[in-house]
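Me: Please show me how to read the main features of a model such as this one.

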Amino acid sequence: MSALEASGSDFSLRIVGISGEVCCLSVQPAWRLSKLRRLVARTLAFPAAELTLLDGDTELKDHNAVGERQQLTAVRLSPSAVYRKAKENMEFTGALALQRAKQLASEATLQG
């Protein structure tokens with residue numbers, strides 16, 4: 001862990017879009033990206049559900065921490081893309097829950 005992360009000090013994070021810098025925010029390394037995404041969306045005046053944050057070409061997930069990133073790219077998704085993404089996430093989550101339930105049932109059968 002770096003000194004910046006350990007201290008919890010605010011630092012400036014640059015948010016860029018396709019046309020250049022869209023905002024610069026004071027953030028903390030320990031913040032979850034879900035919090036940052038809501039703040040950026042509020043700053044840009046559109047729904048957080050329509051915002052995806054990228055670090056280079058990697059889409060960042062809400063559970064990740066901001067860390068020491070100095071710049072992120074904001075991409076606004078269309079409503080249809082938001083719907084597709086939510087549907088994919090639900091299907092993935094459902095598949096994981098089903099897989100876990102099957103595993104627990106199998107373990108219970110072996111133990112019983």
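**Reading the fold and one proline**

Reply: Along the sequence, the chain runs in the order α-β-β-α-β-β-β-α, with 3 helices and 5 strands. Helices (H or I, at least four residues) and strands (E, at least two) are DSSP runs numbered from the N terminus. This is a predicted model, in which local features need pLDDT of at least 70, side-chain atom pairs count only at pLDDT 80 or more, and totals for chains, interfaces and linings use all residues. Residues are numbered from 1 along each chain as its sequence is written, and side-chain values use heavy atoms, with hydrogens and water left out.

Me: What radius of gyration does the chain have?

Reply: The radius of gyration is taken over C-alpha atoms, and the globule rule is 2.2 Å times the number of residues to the power 0.38. For a compact globule of 112 residues the value would be near 13 Å, but the chain has 18 Å. Its C-alpha atoms fill a box of roughly 60 × 40 × 20 Å along the principal axes.

Me: Is Pro47 buried, partly exposed or exposed?

Reply: Buried means under 20% relative accessible area, exposed over 50%, and partly exposed in between (1.4 Å probe, protein chains only). Pro47 is partly exposed because its relative accessible area is 41%.

Me: Where is Pro47 found, and which residues does Pro47 touch?

Reply: Pro47 lies in the loop between α2 (33-44) and β3 (51-55). Contact means heavy atoms within 4.5 Å; leaving aside residues up to four places away in sequence, Pro47 touches Ala41 and Arg76. Pro47 and Leu77 are 30 residues apart in sequence, with their C-alpha atoms 9.9 Å apart in space.
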